[in-house]
Amino acid sequence: MFETVLSYFETFAILTAVLLLLLTFYIRSRQPKTLPPSPGAALPLIGHLHLLGKNPRRRFKRWAQEYGDVFTLQMGPQRNIFVNTLETMKEAFIKKADFFSDRSQNSIVSHHASNVFHGIISSSGSNWKAQRTTSLAILRNFGMGKNMLAEKILEEVSFYTKELGNSKGKPCDIHYLTNMSVSNVISSIIFGKRFEFNDPKFIKQIKMFNDIVKLSTGVLVLNFFPSLYYLPFDLFKGKKLVQLYFAMRDFTDEMISEVKNRHDSGNLDNYIVAYIEEMEKEKQSGQHNLDELNLARNIDNLFVAGSETTSTTIMWCLLYMLHYPEVQQKIYKEIVEQIGTDRPPNIADKSNLKYLTAVIMEVQRKASIVPLSLPHLCNKDTTLAGYTIPKGTIVMPNLDAIHSSKEIWGDPENFRPERFLDAKGNIIKREELMPFSIGRRICLGESLAKMELFLYLSTLFQKFEFLPVSPDKVPPLLDTWGLVAAPEHFEIRCVERDN
Ligand code: HEM
């Protein structure tokens, strides 16, 4: 009897504790009136997570239309705001860049690995500035945006097109091959060497980068509730991500050692050697922003950010061509008229291939492959679009909302490269096209990516006609949900033209 009474007390105590906990979460997550609007009340503990559905991307676009400049989503204990219009983007990331350019230091990987917040992408403040400025200077020295690098890219493109030619027009999935080839461009900049397409170590590495990008969005919930990491069966794939993260670090460390050993033999033409030289110079001047830890994380960053993005854009372009063969014909006609077929395109041809340039712009708009850019962090209580934004809020640049806005584009749902051409066929530059984001954190590799997209795609369309497996089997224009919105894998026929 006495035992039963005690267990009633225990039950009561537990229930009260749970209720108090829920109440605390509710009060903490209640939305102050001065915050941007949100789609309904935030539930205790989970906030708005239950509203995201299977395809959050569609919801984010819909809420952008509904709420305009900015809306709030509570994700677990973390407050997020989504910035949806050009004016508000400019206000946040240009006018108030001092407050909206940091990154959050909350990631599930950081609970299980040290030094996660080094490097360019994840760091903030003076460390970020030093890594970014040094990396940009090194890439520019190598000719990012200039002819020297264009030649490196063209060399890689010729390996790639040779491999595509080997498929003899038969159906194949060229997703990994494209990814490997684009990664080889980064590899030749960072390590001063390319890998063979059949190199098992390289194949493993590329799949790893792919998986890291894919898993990064899936594990978001673990950033808010880190203890869920310990659930059985790796339910949120956190353990897998951490394991991949360590494997990526091993690869980077191995490559750094290889380059250092090569250093003596006089091969100075790569990012690693250039960074170490800068590091030594900096030490002599008494500063300590550049170090081996940052070097390793910068390399991971350049690979992860620079490979999947560019190759995904190439894959989207090819997929769109399967849906719009008349556009592919028009690109080929322009290439034949402007360059001919006796020599491969080079970077100087870009100003003459205006239609192709407009197609690339339209692919970047329509596919909007980094739909929410990368999350920024608000580092000080401030205002945006008339609302109060508290310090510690995550800020999502909703690039997708801009790229699909009816007010901006009129018919955003249509694939229409002509929207980027004037009556004389000249390119119309539009600031609303922002696949590389805007502000201080704008993509570091924008010039390299633009160069790659032009050189890869102009060469591809000069050499091949891209066809579906059969006319009634055109793969759908469906994207996978993730940090990078890639098309679902599809097969394609690369038929060599009779040039
Ligand atoms: C079509 C290809 C690409 C697209 C669409 C793209 C897009 C983006 C976007 C949206 C961001 C986030 C900006 C922000 O935080 O607001 C970003 C950041 C970044 N990208 Fe790219 N990118 C591409 C290619 C590349 C390449 C080739 C490189 C490597 C050289 C690269 C390196 C980086 C780095 C290092 C950052 C982090 C910048 C920082 O935090 O300061 N990206 N990119």
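**Around the ligand**

By class, the shell around the ligand holds 13 nonpolar, 9 polar and 3 charged residues. The model is a predicted one. Of the 25 residues around the ligand, Arg132, His376, Ser437, Arg441 and Cys443 come nearest.

The side chain of Trp128 has an N or O atom 2.8 Å from a ligand oxygen. For His376, a side-chain N or O atom also lies 2.8 Å from an oxygen of the ligand. Arg441 places a side-chain N or O atom 2.8 Å from a ligand oxygen.

Next, the rings. There are 22 aromatic pairs. In one of them, the ring centres of Phe195 and Phe251 are 6.3 Å apart and the planes meet at 40°, so the pair is tilted. Phe195 sits in the loop between α8 (175-190) and α9 (200-218), and Phe251 in helix α11 (238-263), so the pair ties together parts 56 residues apart in sequence. Both Phe195 and Phe251 are buried.

Phe251 also pairs with Phe303, edge-to-face, at 6.5 Å centre to centre and 80° between the planes. This pair links helix α11 to helix α13, across 52 residues. Phe303 is buried, as is Phe251.

Elsewhere, ring pairs join Phe60, Trp63, Tyr67, Phe71, Phe82 and Trp481 into a cluster.

Charges meet rings too. The charged end of Lys207 sits over the ring of Tyr176, 4.9 Å from its centre. Arg497 lies over the face of Tyr332, at 3.6 Å from the ring centre.

Definitions and conventions: Residues are numbered from 1 along each chain as its sequence is written. This is a predicted model: local features need pLDDT of at least 70, side-chain atom pairs count only at pLDDT 80 or more; totals for chains, interfaces and linings use all residues. Side-chain values use heavy atoms; hydrogens and water are left out. A residue is near a molecule or strand if one of its heavy atoms lies within 4 Å of it. A polar contact is a pair of N or O atoms within 3.5 Å; within protein, one must be able to donate a hydrogen and the other to accept it, and residues adjacent in sequence count only if both atoms are side-chain atoms. Ala, Val, Leu, Ile, Met, Phe, Trp, Tyr, Cys and Pro count as nonpolar, Asp, Glu, Lys and Arg as charged, and the others, Gly among them, as polar. Rings of Phe, Tyr and Trp (its six-membered ring) pair if their centres lie within 6.5 Å; planes under 30 degrees apart count as stacked, over 60 as edge-to-face and the rest as tilted. Helices (H or I, at least four residues) and strands (E, at least two) are DSSP runs, numbered from the N terminus. Buried means under 20% relative accessible area, exposed over 50%, partly exposed in between (1.4 Å probe, protein chains only). A charge sits over a ring if NZ of Lys or CZ of Arg is within 6 Å of the ring centre and within 35 degrees of the ring normal.
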